[in-house]
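Please read the points below with the sequence and the model side by side. They take up a loop residue and some helices in turn.

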Amino acid sequence: MDLLGRRPEQETLDGLLRAVRGGQSRALVLRGEAGCGKTALLDHLVGQAGFARVLRASGVESESEMAYSALQQLCAPLLEHLDVLAEPQRAALSTAFGLAAGPAPERLLVGLAVLGLFAEAARARPLVCVVDDAQWVDDASALILGFVARRLSAESVALVFAARDSERLAALPELPVAGLPHAEARALLDSVLTGPVDTHVRDRIVAETRGNPLALRELPRGLSPAELAFGFGTAGATPLTGRVEDGFQRRIAALPPPARTVLLAAAVEPVGNPALLWRALQRLGLGPDAAAPAEADRLIEFGARVRFLHPLVRSAAWRAGPAAELRQVHAALAEVTDPATDPDRRAWHRAHATAGTDAQVAAELENSAGRALARGGWAAAAAFLERAAELTPDAARRGELLVSAATARADAGAYALVPRILAAAELTPMAPVARARAESLRARVTFMLHHGRAAGPPLLAAARRLRTLDPVAARDTFLMAVGAAFWAGRFGGDDLRVAASAAREGAPPGEDFPDLMLAGFVSWVLDGRTAAVPALGRALDAMGSATDFQHVWLAAAAAHDLFRLDLAHRMTERAIHLARASGALALLPNALTIHAHSLIDEGRLTEAADLLTEVDTVIRETGATVYQLSHLLLAAHRGPEPEVRELFEEKLRDAAARGDGRLHTVTRRAQAILGNGLGDFAAAADAAEDACAYGEMALGVWCLRELVEAAVRGGRPELARDARARLAERTAATPTRSSRGFQAVADALAGPPAEAEARFREAVELLAIAETATMGHRARLLYGEWLREQGRLPEARVELKAAHDAFAGMGATFFAARAARELAAAGERVAAPAAAGEVGLTSQEAAIAQLAVTGRTTSEIATALFLSPRTVEWHLGKVYAKLGINSRRELARTLPAR
């Protein structure tokens with residue numbers, strides 16, 4: 001059936017279904033304000049999907065903090081396929097859904113498991129999954145469904161969301177759903193008006209509602225022409241969603257009391273389970289007849305599931321329910337909820353059925369918080385703990401629970417909520433240790449939101465207070481205080497030495513990773529880098545087996561300072577997996593951006609950009625300040641130049657305003673890389689010299705590398721020799737392969753001329769490994785330039801061509817252009833790059849083909865590329881067709897492994 005004024009949207013949805021019926025997969029977000037018709041469009045989609053199996057779920061505001069609740073709604077009918085999944089995926093999904101006990105599931109495995117479930121279910125019949133009210137979907141479910149939607153390809157699956165707004169789905173294809181066109185909006189309004197209304201008033205109503213279908217239908221209900229005379233009078237100042245909900249509340253208020261109770265109970269019971277709802281209503285003395293008036297008014301319908309006319313009916317019923325009646329409904333639902341299979345929802349209902357305090361219910365909520373953390377639900381744990389605090393009769397214990405809830409909120413990345421919770425905690429007679437933890441958390445959140453000098457002194461004060469109360473918390477706070485002072489850097493005055501001295505005096509020694517890391521950082525500050533190398537090395541060795549990655553931002557800095565780049569890659573990769581598995585969004589942004597740095601070093605710029613896109617999404621949700629290193633390094637390699645220069649100037653101003661010395665140094669280092677790439681060596685030398693001036697951990701050694709190159713090429717030999725000597729002091733203390741490669745480049749550029757060629761060759765060989773691929777290609781560029789200067793043009797062209805092709809392939813625009821200029825000077829014209837590969841493979845097809853050539857199975861390729869096995873098979877078929885072959889054996893001969 002055609003919907004009024006929705007022909008284009010219906011055609012889009014019909015096209016999506018045709019694609020799914022033809023073997024493709026599609027994801028789509030219908031985005032628009034409440035009442036604009038998204039649910040009606042979803043109903044149209046479902047009505048046209050008779051060829052497919054249809055699954056529906058809906059976000060529920062009251063359950064938006066219960067981890068995986070929406071995902072379980074959607075996937076419950078597919079659990080018959082659970083045994084088909086690989087064991088790690090099966091275990092992860094079973095744990096996430098509470099079907100089995102186990103450690104917190106890794107989010108990546110949960111996502112792959114859901115992708116596998118969808119693909120397996122669609123083998124027999126195409127699958128259409130519909131998620132309404134996605135803005136209320138819990139964070140864990142939204143993350144997984146977004147992950148799956150981005151990886152659907154050839155499974156015959158549609159995943160369609162309707163949302164008012166949800167940044168978590170921002171990367172998916174979108175269909176905006178606006179108000180109806182004026183003529184259709186007038187027609188809809190005329191169909192619901194009960195009496196004559198002036199034409200100008202009708203036009204004003206249409207304009208005021210912006211063509212919103214639900215508003216046009218619902219706002220005029222029960223209003224006389226006189227009341228409509230001014231286009232709803234003074235209601236124009238009320239947000240449209242609130243006005244529509246007010247309209248539903250008027251309709252609900254006109255129902256008999258039993259019908260209102262039915263609506264309230266249905267609003268509180270989030271899954272739409274009619275059997276459970278009726279058992280609860282029976283305990284309230286109500287039978288099926290009680291629902292008849294609400295059904296007759298089309299506010300609700302009962303079938304296989306309970307459905308409201310619109311999500312705003314649910315919220316209107318919920319908000320309109322008297323407190324006493326709401327408690328009665330929760331109590332009834334708690335009584336009929338199985339404590340063995342659904343203890344958390346039962347505890348939640350019991351908590352909201354309780355007026356005053358109840359120690360037993362509070363204890364149940366604490367247990368639920370523990371289970372939520374085990375499933376990776378930090379936000380859910382925080383919600384349970386906050387409600388437990390409200391129900392706890394002991395005031396001191398209430399304060400402790402609130403501090404724990406605030407900590408969970410911070411770990412979930414919900415920093416804006418932390419100050420309110422801590423303020424409530426501080427009104428209680430907290431024990432000294434709880435009060436000190438609250439102070440530490442407040443300062444930690446300040447640092448997460450605003451890297452700079454402001455957070456360091458409060459962190460140090462909290463660490464000193466915790467020293468005799470909680471040595472472990474004191475150690476962690478000392479470590480963060482030292483880290484915050486590192487970030488303040490040149491803008492922090494003597495803060496770093498003060499923090500390090502206090503930590504040496506106040507933090508007890510230990511052999512755990514954080515103990516060793518703190519000792520190493522303190523030694524770096526007070527004893528000097530060379531003396532600190534053994535201590536930092538021991539800390540990094542301990543990090544290799546650690547499971548707590550909250551200090552990964554500091555450990556990665558130490559790893560880069562000691563040139564243990566492979567360890568930096570591995571630790572941040574593990575930290576990302578842990579953060580996704582636990583929902584610890586506080587950990588994720590820095591882990592992602594530091595891992596992106598490793599990918600840039602490896603020449604994997606496109607993958608780094610993908611990670612940084614995820615970083616941007618996370619920081620939009622959390623409001624956190626993220627370490628800018630990888631964003632700026634990527635820009636320095638890729639451009640475009642005018643925008644990059646403007647970005648760098650903006651970051652320098654930002655660094656000065658916040659007292660963030662590390663951001664200043666990172667920006668200057670990026671300016672040096674940009675200058676070296678462009679051949680603007682004077683600017684590069686100025687930027688690198690400034691970047692090296694303060695000598696921050698990790699950044700100093702990398703800035704010296706840029707300074708040597710810029711000073712030599714810019715005609716400042718004394719500066720180059722000094723930078724080479726300073727670099728040698730550092731590389732001698734940490735003689736890894738990468739440090740020796742860095743030093744070889746510096747020696748070739750600024751050392752004895754007679755040794756230049758040997759040192760260039762050594763540098764190229766030492767840096768020709770994955771973790772230093774980008775620097776290795778730069779070494780070849782420098783060697784090629786040197787050969788050209790020596791008049792050895794054929795040899796120069798070999799090195800310059802290799803460097804150019806590598807930079808062009810990775811997207812390092814400026815260094816590719818520099819290599820092209822050098823090639824032209826050496827007598828070789830650079831051909832334009834192929835548009836889509838010599839055989840016309842897409843990037844995804846090429847990635848799948850390369851993994852297949854190395855002997856990976858279909859399942860292994862699917863896991864590696866976050867696809868379903870069916871998608872891998874489909875892409876391989878396209879690869880075979882393009883190459884004119886029929887098997888993997890032929891593929892290995894046609895497309896050798898790289």
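1. Helices (H or I, at least four residues) and strands (E, at least two) are DSSP runs, numbered from the N terminus. This is a predicted model, in which local features need pLDDT of at least 70 and side-chain atom pairs count only at pLDDT 80 or more, while totals for chains, interfaces and linings use all residues. Residues are numbered from 1 along each chain as its sequence is written, and side-chain values use heavy atoms, with hydrogens and water left out.

2. Pro173 sits in the loop between strand S4 (157-163) and strand S5 (174-176). With a relative accessible area of 46%, Pro173 is partly exposed, a class lying between buried (under 20%) and exposed (over 50%), for a 1.4 Å probe and protein chains only. Leaving aside residues up to four places away in sequence, Pro173 touches Ala27, Leu28 and Val29, where contact means heavy atoms within 4.5 Å. The C-alpha atoms of Pro173 and Leu28 are separated by 5.1 Å, although these residues are 145 apart along the chain.

3. Of the 18 residues of helix H5, 14 are buried, so H5 is largely enclosed by the rest of the structure.

4. The axes of helix H13 (residues 274-283) and helix H16 (residues 323-336) come within 8 Å and cross at roughly 120°; axes are lines fitted to C-alpha atoms, for helices over the stretch in contact, with angles from 0 to 180 degrees between N-to-C directions. The contact is made by Leu276, Arg279, Ala280 and Arg283 of H13, together with Ala332, Leu333, Glu335 and Val336 of H16.
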